[in-house]
Amino acid sequence: MGENDTRVNALFALFAGITGVAGSFAVTGYSRQFVVAPIDAVVVRLTPGPLVAWSIETLGDAGHLLHISLSLFIAVGILAGTARIGLLVRARLDRPIGGAVTSGGLAWLVTAIVTAAPLLAFGAAIPVGVVTGVAVAPAATGDHDASRRRVILTGASSITFGLLALGIGRIRSGGDPAVAEPDAEIPEAVETRLQLADDRSLEMASDDLPGLVSTIDSFYTVDIAQFDPTIRDTDWSLSVTGEVGEDVGIGYTELTDMPTEHRFLTLRCVGEALNGHKMDTAVWTGTPIGPLLDAADPAGACNCAMVHAEDGYSVQIPVAALEDALLAWGMNGQSLPRAHGHPVRLLVPGHWGETNVKWLTEIELLEDELDGYWEQRGWRGTGPVNTVAKLWANTTLEDGQIEVAGHAYAGTRGIDRVEVSTDGGTTWTDAELSAPLPGTDVWRQWRFVFEPDGPSDIVVRATDGEGTLQPKADAQPFPSGATGWVKKTIRP
Ligand SMILES: Nc1nc2c(c(=O)[nH]1)N[C@H]1C(S)=C(S)[C@@H](COP(=O)(O)O)O[C@H]1N2
Ligand SMILES: [Mo]
């Protein structure tokens, strides 16, 4: 085979790889059956802990983009590899169909194995086979112009197909009839709470400040995997295992038939920056886990449990913390959205976000303490949250005064007071606070208006319900959450 043939074949293989990945996306959408998803899971698992921590802290969502791009690249490479083998077979047999069947078959096999979805794997296999079938090397025709035309035509078709597949796949990702269909009607008990949160949200001049309940669309998400599990209610069950007197198992219908509560609960990620936005509140619908735990009769020396999820996530929590926890299947009156753990997640009052396991599958009572997903990567974020007052909005009013505002949160300790300094921390004045919402783990809003004389060095600090002032010393989020007072210089 000439050098030119090799280059042309490499191009065809690349086109085959791209159309294969595109075809897979068209039939699966952004789901765990997409050929890139399992590859991404491996990429994430193999990434060293400190790198993951650094990426979350400094890159945020861009970090996700980075590993997903790498996984996409690998997927294209793998499918291009199957096409390359097909092209070799084709040259050897001198039969296009032989090459197409070989590469299509290999692409199907690889995709079916990594995604465990044999039927949907045809979405990747057929495009790979077709591209291999139409590929033709100059030596085969002896006509270099025809060959060049074929390459350009195949390239253009691949791109067109890719764009089309992207469109179809996006439509597929949008609606998943299996999960999170917005309920027709919001339960009245939730409606009342949403109304209460609305009433108690402070009147603000600024529109920038979120209310006391975050909307489902604005509620932050943190996921170890780029592809959220899709679990049908009817396929879901929870088991309580390990060091227990009795193994307990429960299905979705049985669970949702249990005594139901609607709780305000705030979540905050240990990895967020001091004045970050990975802190939100919703009205969650669920049932206390206490009775289920009691039925299992936990034993085990550590008095602790490893909580497991469908995406391979795990976190270790003391049984004492679990006792107040909620098994939630509703959020702001809708069935729990897929991004937030459909069908059932755990909510542990006052503890860092990572303990609130989504796509919950198993609670395993342990004999000895073990590290969960983030603790294996150096984080220390399973305990109670740090106290924080955020400075999320500032507006100049018509009369020239400045309004600063934000949210303050201290987990189950509650927020008693927020103070603001406009002179870099020399003098302090109490901010106005929103009336507390019912519940043991809810944030509050604060608001403060002042007359600026030149640039103002604003500092904010909260005092929790136990009378403890928010610690002043600055610390980075890694490993146990940011500390310090939020500061900002505001110029009128
Ligand atoms: N199964 C599973 N549960 C999980 C996570 C995850 O990646 N997988 N992320 C955790 C982290 S770090 C946080 S901060 C919260 C975020 O919950 P949210 O995405 O609903 O805001 O979920 C926690 N539960
Ligand atoms: Mo988190």
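What percentage of the 492 residues in the protein is buried? Buried residues make up 51% of them, where buried means under 20% relative accessible area, exposed over 50%, and partly exposed in between (1.4 Å probe, protein chains only).

This is a predicted model, in which local features need pLDDT of at least 70 and side-chain atom pairs count only at pLDDT 80 or more, while totals for chains, interfaces and linings use all residues. Residues are numbered from 1 along each chain as its sequence is written, chains are lettered from A and ligands numbered from 1 in the order in which they are written, and side-chain values use heavy atoms, with hydrogens and water left out.

**Whole protein**

Start with the C-alpha trace, which spans about 85 × 65 × 45 Å along its principal axes. Colour by secondary structure to see 13 helices and 19 strands; helices (H or I, at least four residues) and strands (E, at least two) are DSSP runs, numbered from the N terminus.

**Ligand 1**

Select ligand 1 and the 20 residues that surround it, each with a heavy atom within 4 Å of the ligand. The closest are Tyr220, Asp311, His340, Arg345 and Lys358. Show the N and O atoms next. One oxygen atom of ligand 1 lies 2.4 Å from an N or O atom in the side chain of Lys358. For the side chain of Arg345, the distance from an oxygen atom of ligand 1 to an N or O atom is 2.7 Å. At Ile224, a polar backbone atom is 2.8 Å from an oxygen atom of the ligand. Taken alone, ligand 1 exposes 530 Å², and the protein buries 99% of that (Shrake-Rupley method, 1.4 Å probe).

Ligand 1 sits in the largest cavity. A cavity is a set of points on a 1 Å grid over the protein atoms alone where a 1.4 Å probe fits but cannot get out; a molecule sits in one if more than half of its atoms lie within 2 Å of its grid points.

Move to His342, in the loop between β8 (334–335) and β9. His342 is buried, at 1% relative accessibility. Its side chain makes a polar contact with the side chain of Asp233 (2.7 Å); a polar contact is a pair of N or O atoms within 3.5 Å, one able to donate a hydrogen and the other to accept it within protein, and residues adjacent in sequence count only if both atoms are side-chain atoms. The His342 side chain also reaches the backbone oxygen of Leu336 at 2.6 Å.

Now select Asn356, in the loop between β9 (345–347) and β10 (360–366). Asn356 is buried at 3%, and its side chain makes a polar contact with that of Thr355 (3.5 Å).

**Salt bridges**

The whole structure holds 12 salt bridges, each a side-chain nitrogen of Lys or Arg within 4 Å of a carboxyl oxygen of Asp or Glu. Select Arg268 and Glu272, whose side chains meet in one of them (2.7 Å, N to O). Arg268 is buried at 1%, and Glu272 is buried at 3%.

Next, select Asp464 and Arg413, whose closest N and O atoms are 2.9 Å apart in a salt bridge. Asp464 lies in strand β18 (residues 456–464) and Arg413 in the loop between β13 (402–409) and β14 (415–421), so the pair ties together parts that are 51 residues apart in sequence. Asp464 is buried, at 3% relative accessibility.

Finish with Arg417, Glu419, Asp430 and Arg461, which are linked in a network of salt bridges. Within this group, the side chains of Glu419 and Arg417 meet at 3.6 Å, N to O. Glu419 is buried at 7%, whereas Arg417 is partly exposed at 37%.

Conventions: On a 1 Å grid over the protein atoms alone, a cavity is a set of points where a 1.4 Å probe fits but cannot get out, and a pocket is an open set with protein on both sides within 12 Å along at least five of seven lines; lining residues have an atom within 4 Å of a point.
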